Amino acid sequence: MLEVVGVSTVEELFRDIPEGVRLRRPLQLDPPLAEQEIVAHLEQLAARNVPVGSELSFLGAGVYDHYVPAVVDLVLGRGEFLTAYTPYQPEMSQGVLQAIFEYQTAICELTGMDVSNASGYDGTTVAADACYMAKHVTGRSRVVVSEATNPQVRQVVKTYARGFGLEVVEVPHADGTTDPEAVLAAAEDAAAVIFQQPNFFGCLEPAPELAAAAAEAGALPVAHVDPVSLGVLEAPGRYGCAIAIGEGQSAGNALSFGGPHFGFLAARMEHVRRMPGRIVGETVDTEGRRGFVLTLSTREQHIRREKATSNITTNQTLLALGGLVYLAWLGPQGLRELGERCMALAAYAQERLAAAGFELPFAGCTPFKEIVVRVGRPAAEVVRAARARGVHPGYQLGRDYPGFDDCLLVAVTEKRTRADVDRLAGLLAEVASP
Amino acid sequence: MKLLFEKSRPGRRAFSLPACDLPVPEVPAGLRRRQPPRLPEISEPELVRHVTELTTRNFGVDTGFYPLGSCTMKHNPRVNERVAALPGFRDLHPLQEPEAAQGALELMWRLQEILAEIVGLDAVSLQPAAGSQGEVTGLMLIRAYFEDRGEAGRRRKVVVPDTAHGTNPASVAMAGYELVGVETDRRGNIDLDDVRAKVDGETAALMLTNPSTLGLFDEGIEEIERIFHGAGALMYYDGANLNAVCGIARPGDMGFDVVHINLHKTFAQPHGGGGPGGGPIAVRDILEPFLPSPQVVRVGDRFELDHDRPRSIGRVRGFTGPFGVFVRSYAYIRAFGPELRDMSEAAVLNANYLLALLRSAYELPYDRLCMHEFVLSARALKRAHGITALDVAKRLMDYGFHPPTIYFPLVVPEALMIEPTETETRETLEAFAEAMHAIAREAAETPELVKEAPHSRPVRRLDEVRAVKELTVRYSFGEQPVAAAP
Amino acid sequence: MAASESYPEDLRYHPEHDWARVEGEEATLGITWYAQHSLGELVHYEPPDVGAALVKDTPYGEVESVKAVSDLIAPLSGEVVAVNERVVDEPETVNADPYGEGWLVRVRMSDPSELDGLLDAAAYRKLLEDAE
């Protein structure tokens, strides 16, 4: 091969690289491992983690221990999907393109919107995307975010807002929900108002009124929603939202220590040209057969470059397709039953913990799949004591909200049972102080 | 092929849920779902067949040669899938107490150390979810650095060459900077005179990938470093082409202050049809205080998340980044160790070999040895026979190959950007070269065959104009479509 | 459907492939045959508002094909008095008739002397040939 290239050594291939920048020593890395050694090493590392299967876990706070059916592994494992690139050559990629089109349809159905993109990185960055969209749609430079929105979502919005030239205003929660009057007051000259449904505390927000308050101020209402709640909760598109976003993990992605997951973003058709990310459209080929292509590519970085709606290129397609398979596995009936199960367990948890004497700071709100309980001692101590007995009782809310250092955010999914909740209540009664 | 929604039949389901006797509370009336979403009602056998049929209409690296330029479509070792699926990783909650996640935190810390060594820099954040996000994050770090020095108001410009991937200018805009373009000279290097004219005290940074999207190593890199650092600016390295230089030249040694690494390119995270990826960034110590929060740190023999970072630019993504991607890339790198150098050498040899086989049939705009990829032009075919790069790409499909990147970089007309990677055999490269030669002959002898290609895929050429005009972006369920944007 | 190549004598041309037809104090503007041919079939026209001020040599709107976006560069300065809504609804009109039905905006010129800086048909044709 070297002969055909016209050099005598491999080293000659690098002759254009100035000597001053050449690395003239081996990389200081551990020696290569054979495949079986790799597996053994990674198994050792994995063994030092405690996954949700190894303890009774009530951890939520943005990503959740929902059951991921085996059929999702099918789409994640097939090499034709797993090892394919972004479908720029549609004739080679009708499988992925059609699957994305089906995913877009599913997201539009869940959210009541007209158009969805092919995914964003996660539930936090899609909030930044929505702000960028809203800035260009309205021409305004402020965004309003409810404090009851996931803290990581708010953090990411603030990180991006600087470069976007946006001011971020937070509206405090009142007793675990957001007050539409407070939103209206804060949203003057705002490009967008972002609220979460159900919110970070697990409470149901007065979402239609929040959207109306945003609209009254001339801001785009943006709902950050839980995909598996949308069988029992109304779609944002039906109560006046312009954009619906969210974290897709609950819909068929493994926890995987935080990723990869997918973010979803859907909007009213009038905003389609400002949407970031890939969009797949239906068309026909030269013989009249239905086919699918990436469309409205002129929004994107590879064409519009510095004026693009986003720089996003690689997104989270495979995880989104996992989400599609999950949603298809559920169907509308399953989605509703799943949502009802979560609500039933959350209500039961409220009841049992109250009966055990614990204060529920937000007892007045209806929970979807998470509740806040005051454990009376520093939450960190309670978590330690509970974990020693094989139960992770929930997220330490004080990490993100001042004044809640003795509170836990307890998540219940369809993987939990009545008996699990009983065990939690009994255990907390022992280790905490009601 | 039907859509899932078209296969839906009322009452079918794949879902099962354990029995539970708890009462279901009522959703408050104003919040209750009134119409169920029209998700498909489908049984598991139907769902499995649907997904399987979709895969028969898709082509991956597992299927065949996939020489997209700057995408590094190398083989994805299956052992990486096995280890990423270990329950200790797959089912680990990101908010698990650190003492119960030491394996995950150690893996991340080790990956940080490894990446720092590979690129020759001091500190790493694994948070960014993809190269593009790494770019914006890197630019935000640069801004934070200059703000700290009181220079941010003055330094508003980022210099980007005309061969840059479109994400670079898009990232510049998203980070709130002004774009200054520089040209490429006849040798395929950045035009140093143009750079000298445009770099001054208002420059914040250079964004460069080296080797460039032309597959050429910028011979002037040392002078470039002098110019930018001399003007007090910083240098950002787009790591998309890192596959060419692992163990051979390190961006840190070239003078770059911040680098993003595409784990889904050089480090074998599968592309997934469009993601997930990973875009960790590595920085020189002057930028370390500004890295995203939290950082994975080692304290004695324990690993922790450090949230106490007062000068951090903040969080750019949820949790600590796409951990499943880290597992795969970590496992991949552990298989090589210092032999990553052999990987890059093989990638560069394969590219030069393929270039040598093809240059007699296609125009080579820059007559130099290439790195891991090269760009040819189909301009001669267009002039002589009206056959474009697009036509060549479509005809390659009939030969069983995925086409290379076309019409990029923009500085080459009728561009064909080809990156074979190191995991292809000599026979595959020769077969591809033969197909490219055959198409060049067909262009002269039977141009219709090329113009109307592909002939052997599930669909022929698709009407992209119609896709934009009608903008059918979801299944219509037989309803009138929503009017497209004005 | 697309027109055949032509560069009418009665128009003035800008090097960024825009044309101007002067009628008294007003000028009608559009893009040349070469521009529409390079872009391919147009799918979108983003016009300025009526009443907007155009500044010579700066962008005043955009046209898009499937694969490309192009700024429209104002050959002359002036106030927009009309936008061709037909092109907004059917952008492909520009491909079929770039100098007639495919006009983009009409402006009231603020500085007619700017016309001296534009090319005539012969000079524009030469510019195209030199670029080949």
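Where in chain C is the place of Ser65(C)? Ser65(C) sits in strand 6 of chain C, residues 59-65; strands here are DSSP runs (E, at least two residues) and helices likewise (H or I, at least four), numbered from the N terminus. All the views below come from a predicted model, where local features need pLDDT of at least 70, side-chain atom pairs count only at pLDDT 80 or more, and totals for chains, interfaces and linings use all residues. Residues are numbered from 1 along each chain as its sequence is written, while chains are lettered from A and ligands numbered from 1 in the order in which they are written.

**View 1. Ser65(C) and its contacts.** Ser65(C) counts as buried because it has 23 C-beta neighbours inside 10 Å (buried means 20 or more other C-beta atoms within 10 Å, exposed 12 or fewer, partly exposed in between, with C-beta atoms placed from the backbone). Skipping neighbours within four places in sequence, Ser65(C) is in contact with Leu39(C), Gly40(C), Glu41(C), Leu42(C) and Val43(C); contact means backbone-placed C-beta atoms within 7 Å. Tyr45(C) is 20 residues from Ser65(C) in sequence, yet 9.3 Å from it in space, C-alpha to C-alpha.

**View 2. Helix 6 crossing helix 7 in chain B.** Helix 6 (residues 131-148) and helix 7 (residues 167-174) of chain B have axes that come within 9 Å and cross at roughly 45 degrees (axes are lines fitted to C-alpha atoms, for helices over the stretch in contact, with angles from 0 to 180 degrees between N-to-C directions). That makes helix 6 of chain B oblique to helix 7 of chain B; under 35 degrees is roughly parallel, over 145 roughly antiparallel, 65 to 115 roughly perpendicular, and the rest oblique. On the helix 6 side, Gly131(B), Ser132(B), Glu135(B), Val136(B) and Leu139(B) meet Thr167(B), Asn168(B), Ser171(B), Val172(B) and Met174(B) of helix 7. These contact residues split into four nonpolar, five polar and one charged (nonpolar: Ala, Val, Leu, Ile, Met, Phe, Trp, Tyr, Cys and Pro; charged: Asp, Glu, Lys and Arg; polar: the others, Gly among them). The crossing is right-handed, which goes with the near helix being turned clockwise from the far one by less than a right angle.

**View 3. Domain 1 against domain 2 in chain A.** Domain 1 covers 52-67 + 332-431 and domain 2 covers 70-325, with bounds from an automatic or database assignment. Here 27 residues of domain 1 of chain A touch 23 residues of domain 2 of chain A. Helix 11 of chain A brings eight residues, the largest share of the domain 1 side.

Terms used: Contact = placed C-beta atoms within 7 Å.
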